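Subject: Model handover and notes

Hello,

Please find the model below, ready for you to open. My notes come after it.

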Amino acid sequence: MSGAPVIELESSGWRLGVLPHSGASLAHGRVLVDGAWLDLLRPTRSTAYGNPELCSSFPMVPWSNRVRNGQLRFRGRTWTLAHNGADGTAIHGATRHHTWEVAERTPDRVELALDSRGLVGVNFPWQFRAAIAYALDGDRLTVTTTVENVDTEPFPAGFGHHPYFERRLRPVEQHGTPGPEEEAGGSDALLELPFDRAFPLVAGMATGPAGEIPPRADYRAARVVGSDFVDDVLTAQRDGEPAARIAYPDHGLGVRLDMDPVYESLVVYVPRRRAYFAVEPVTNANDGFGLFEDGVPGTGVFVLEPGESRTGTFSLTLER
């Protein structure tokens, strides 16, 4: 899908590339710094436009992260989902490999919609509608997600977004040398995450209620992203604080992540030997459906009755 159309949005501070045919993913997220456009989000090679997991960011609807063993349990029943994760789980929702329709478009905003009733092979046992709006306003990018129950019975749900941030900002014209997974020169980003709890994880999935944050994922005091592997789910955001702050000292640029209360958790992912990391606003913990069915508190999973919907917004604001 290298020829997939990219919808380009632009404001005074942002350039955003949106891929409706690749699960409403993002091809790029660029910011203007001292007269030059730099990649803030990991840029996507055009040959990878058909693979959302290689894109700059992608939405996860109607759940985020994983369903253990692909077994979705709810109110005493069990449904088997496609095991599309390398670890044998169902992963990253059910919409990223489907085409979203363009419902509305202006130079600085696009709204995309998806109705599972008109699709084949959706990896979810109930029918739903979803919408995502990307909007630019000066130095702010706003992302709004909605999921609606259009089935005849209630179901559990959630959503999230998976943005990959560059460790070191690079001018757009440097694409290919170095490549997106190679580091540019300069200093790594600083990361601050004001959360006080984390879910205990085994094989990347939560096993019980949130507890102490492991040292590897403790960014309550701003520090360099670092080289240690991190893949953790944080919760209990501090009142009045943004969900995250990312600083790029070499450019005098900061990025502030704010999110609605429906986003009860934040996934931080720092892979080894990669030029990027992820900070993901999510409504539910990893394997949230299983925890919810087992009565574990604080999973972030919500139940939608027929005709009911849930909406959440997060924003990325440049701080200069």
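Predicted model: local features only at pLDDT ≥ 70, side-chain atom pairs only at ≥ 80, totals over all residues.

Residues are numbered from 1 along each chain as its sequence is written, and side-chain values use heavy atoms, with hydrogens and water left out.

Sheet

Strands here are DSSP runs of E with at least two residues, numbered from the N terminus. Two strands pair if DSSP finds at least two bridges between them. An open sheet of 9 strands, with antiparallel pairing, has the order 10-11-12-13-28-24-23-17-21. Its edges are strand 10 (101-106) and strand 21 (223-224); each has a single partner strand, so one side of each is left without a neighbour in the sheet.

Glu104 stands opposite Glu111 in strand 11. Of the 6 residues of strand 10, the number buried is 0, so strand 10 lies largely in the open. Buried means under 20% relative accessible area, exposed means over 50%, and partly exposed is in between (1.4 Å probe, protein chains only).

Leu190 has Val224 in strand 21 as its bridge partner.

Pocket and cavities

Both were found on a 1 Å grid over the protein atoms alone: a cavity is a set of points where a 1.4 Å probe fits but cannot get out, a pocket is an open set with protein on both sides within 12 Å along at least five of seven lines, and lining residues have an atom within 4 Å of a point. Grid points are joined across faces, edges and corners, and a volume is the space filled by probe spheres set on the points.

The largest pocket has a volume of about 300 Å³. Its lining has 14 residues, of which Glu53, His92, His162, Tyr164 and Tyr269 lie nearest the centre. Strand 25 (265-270) and strand 26 (276-282) are the elements that give two or more residues to this lining. By class, the lining of the largest pocket has 6 nonpolar, 3 polar and 5 charged residues. Ala, Val, Leu, Ile, Met, Phe, Trp, Tyr, Cys and Pro count as nonpolar, Asp, Glu, Lys and Arg as charged, and the others, Gly among them, as polar.

There are 2 cavities of 30 Å³ or more. The largest cavity holds about 50 Å³, and its lining includes Leu26, Leu41, Ser57, Tyr134 and Phe314. The elements that give two or more residues to that lining are strand 13 (140-149) and strand 28 (309-319). The lining of the largest cavity has 8 nonpolar, 2 polar and no charged residues.

The second largest cavity has a volume of about 30 Å³. Phe165, Ala244, Ile246, Val255, Leu257, Val279 and Leu316 line it, with strand 23 (244-248) and strand 24 (253-259) each giving two or more. These 7 are nonpolar, with no polar and no charged residues.

Two buried residues

Ser56, in the loop between strand 4 (36-41) and strand 5 (59-60), is buried at a relative accessible area of 0%. Its side chain reaches the backbone oxygen of Ala27 at 2.8 Å, and a polar atom of that side chain lies 2.5 Å from the backbone oxygen of Arg42. Contacts of Ser56 (heavy atoms within 4.5 Å), not counting residues up to four places away in sequence, include His162 and Tyr164.

Leu253 is found in strand 24 and counts as buried at 4% relative accessibility. Leaving aside neighbours within four places in sequence, Leu253 is in contact with residues including Val31, Val33, Ile246 and Leu318.

Backbone details

Most residues other than glycine have a negative phi, and most peptide bonds are trans. Val61 and Pro62 are joined by a cis peptide bond, with omega about 0°; Pro62 is in the loop between strand 5 and strand 6 (66-67). Asn69 has a positive phi of about 55° and is partly exposed at 46% relative accessibility. Ala236, in strand 22 (residues 230-237), has a positive phi near 60°.

Regards

Definitions and conventions
Helix = DSSP H or I, 4+ residues; strand = E, 2+ residues; numbered from the N terminus. Polar contact = N/O pair within 3.5 Å; in protein donor to acceptor, adjacent residues only side chain to side chain.
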